[in-house]
Amino acid sequence: MRQQVRYHDPVTLRIAPTVCQALRMGRPVVALESALITHGLPWPRNLELAHHLEETVCGAGAVPATVGILQGVPVVGLSCDELAVLANGGADKVSLWNLPTLLGRDAGTTVAATLQIAQLAGIRVFATGGIGGVHHDSHDVSADLSALARFPLLTVCSGPKSILNVEATLERLESYGVPTIGYRSSRLAGFHLPETDLPLPVRLDTPEAVAHAFINHLLLGGPGFVVSNPVSEGLARGELENYLNGARRDAAAAGVYGKDTTPFLLARLADLSGGRTVEVNLRLLVENAALAARIATSLAERAGEGTLVSGVLHE
């Protein structure tokens, strides 16, 4: 039976017992999104990936907490059966704008929705693939950015998704006061590319250094905190540009716009690259989950000297 925590009647946040116990004992916990399960891969690869990411977090010493919506209820720490429900198809995709309206329905949580729900549960670290951001049509901006500006979690990612205006996205994060830290790199990760040409203000080379910087950030009352983790093996720059140009031409010809743009472009990239972009995406998801677990472990060890509550370290 799951522990139920009421945060706003009549909505109930459900937290798995393993996650509740880990949080209560000060053990490291890593939140994982579920939109990649509901909308990222076909069955059964999506379910296999969900289990693999959770196993990766466990193997690196932390407790995984995959977030999703079941029958309209936010759940933190989906069970195997619940992961299968979302993976089997038919679920919606939820962000901040539609989270309150999914009464009685199942949904995978995007970066933005996962950040909001994980913050309510008291989780500090989140791992994903690539964050949303500013599209080349400047009127289309992902809710991920506003969520990063609101919820004080550390997000490990491989930069903004390749289809975005990456430079504008980095500038927006800076405007929102969200630090973007390069992990073992002085340049922003490029999702399918290991690195972009965009320099980052700070490079940190160990999980311990990242954890220390994040604690300082919380003590100063900062918002979200982004760790840019370059994928170990990505595509070549020219190769990716060719795929992107083809995908954008196809989108324009098909009249795709708005919220349908991202899934269309990512699907076309997969087709045009013969599945290579998907391989890179899977690789970086696993690498980010492992790094997030190591950072969460370092945070837990530091908090063991006191208690990190609402951004304040109490001795």
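**Figure 1. Proline 44 sits in the loop between H2 and H3.** In this predicted model, a cis peptide bond joins tryptophan 43 and proline 44. Omega is about 0°. Most peptide bonds are trans. Histidine 52 belongs to helix H3, residues 45–59. Histidine 52 is partly exposed, at a relative accessible area of 37%. The C-alpha atoms of histidine 52 and glutamate 195 are 25 Å apart in space. In sequence, 143 residues separate histidine 52 from glutamate 195.

**Figure 2. Arginine 184 and phenylalanine 191 have positive phi values.** Most residues other than glycine have a negative phi. Arginine 184 has a phi near 55°. For phenylalanine 191 the value is about 60°. Arginine 184 is in the loop between E10 and strand E11 (202–204). Phenylalanine 191 also lies in the loop between E10 and E11. Arginine 184 is exposed, at 51% relative accessibility. Phenylalanine 191 is buried, with a relative accessible area of 2%.

**Figure 3. Helix H1 spans residues 17–25 and has buried residues on one side.** The buried residues of H1 are Val19, Cys20 and Ala22. They cover an arc of only 165° around the axis, so they fall on the same side of H1. Thr18, Arg24 and Met25 are exposed on the other side of H1. Glycine 26 follows H1. The phi of glycine 26 is positive, near 75°.

**Figure 4. Strand E3, residues 29–32, is buried on both faces.** Val29 and Ala31 point one way. Val30 and Leu32 point the other way. All are buried. In a regular strand the side chains alternate between the two faces of the sheet. E3 pairs in the parallel sense with strand E4 (residues 63–70), over four bridges. Within E4, proline 64 is the bridge partner of valine 30. E3 also runs parallel to strand E8 (residues 125–127), joined by three bridges. In E8, valine 125 stands opposite valine 30.

**Figure 5. Strand E12, residues 225–228, is covered on both faces.** Phe225 and Val227 are buried on one side. Val226 and Ser228 are buried on the other. Strand E9 (residues 154–157) pairs with E12 in the parallel sense, over four bridges. Leucine 154 stands opposite phenylalanine 225 of E12. Strand E10 (residues 180–183) also pairs with E12 in the parallel sense, here over three bridges. The bridge partner of threonine 180 in E12 is valine 226.

**Figure 6. The largest cavity holds about 30 Å³ of space.** The count is one cavity of 30 Å³ or more. Among the lining residues are Thr180 and Val226, the bridge partners from E10 and E12. Ile131, Gly159, Pro160, Thr169, Leu170, Leu173 and Leu188 also line the cavity. Helix H7 (residues 166–175) gives the largest share of the lining, three residues. Six lining residues are nonpolar and three are polar. No charged residue is part of the lining.

**Figure 7. The largest pocket has a volume of about 1300 Å³.** The pocket is lined by 48 residues. Lys93, Thr110, Lys161, Thr262 and Pro263 lie nearest its centre. Several elements each supply at least two lining residues, including helix H2 (35–39) and strand E6 (92–94). Helix H6 (143–150), helix H10 (261–272) and helix H11 (276–303) do too. The lining divides into 21 nonpolar, 18 polar and nine charged residues.

Figure 8. The whole structure contains zero disulfides. Cysteine 58 is in no disulfide, and the nearest cysteine sulfur belongs to cysteine 80. Cysteine 58 is partly exposed, with a relative accessible area of 45%. Cysteine 80 is exposed, at 52%.

Definitions and conventions. Residues are numbered from 1 along each chain as its sequence is written. This is a predicted model: local features need pLDDT of at least 70, side-chain atom pairs count only at pLDDT 80 or more; totals for chains, interfaces and linings use all residues. Side-chain values use heavy atoms; hydrogens and water are left out. A disulfide is a pair of cysteine sulfur atoms within 2.5 Å. Buried means under 20% relative accessible area, exposed over 50%, partly exposed in between (1.4 Å probe, protein chains only). On a 1 Å grid over the protein atoms alone, a cavity is a set of points where a 1.4 Å probe fits but cannot get out, and a pocket is an open set with protein on both sides within 12 Å along at least five of seven lines; lining residues have an atom within 4 Å of a point. Grid points are joined across faces, edges and corners, and a volume is the space filled by probe spheres set on the points. Ala, Val, Leu, Ile, Met, Phe, Trp, Tyr, Cys and Pro count as nonpolar, Asp, Glu, Lys and Arg as charged, and the others, Gly among them, as polar. The arc is that of the directions from the helix axis to the C-beta atoms. Two strands pair if DSSP finds at least two bridges between them.
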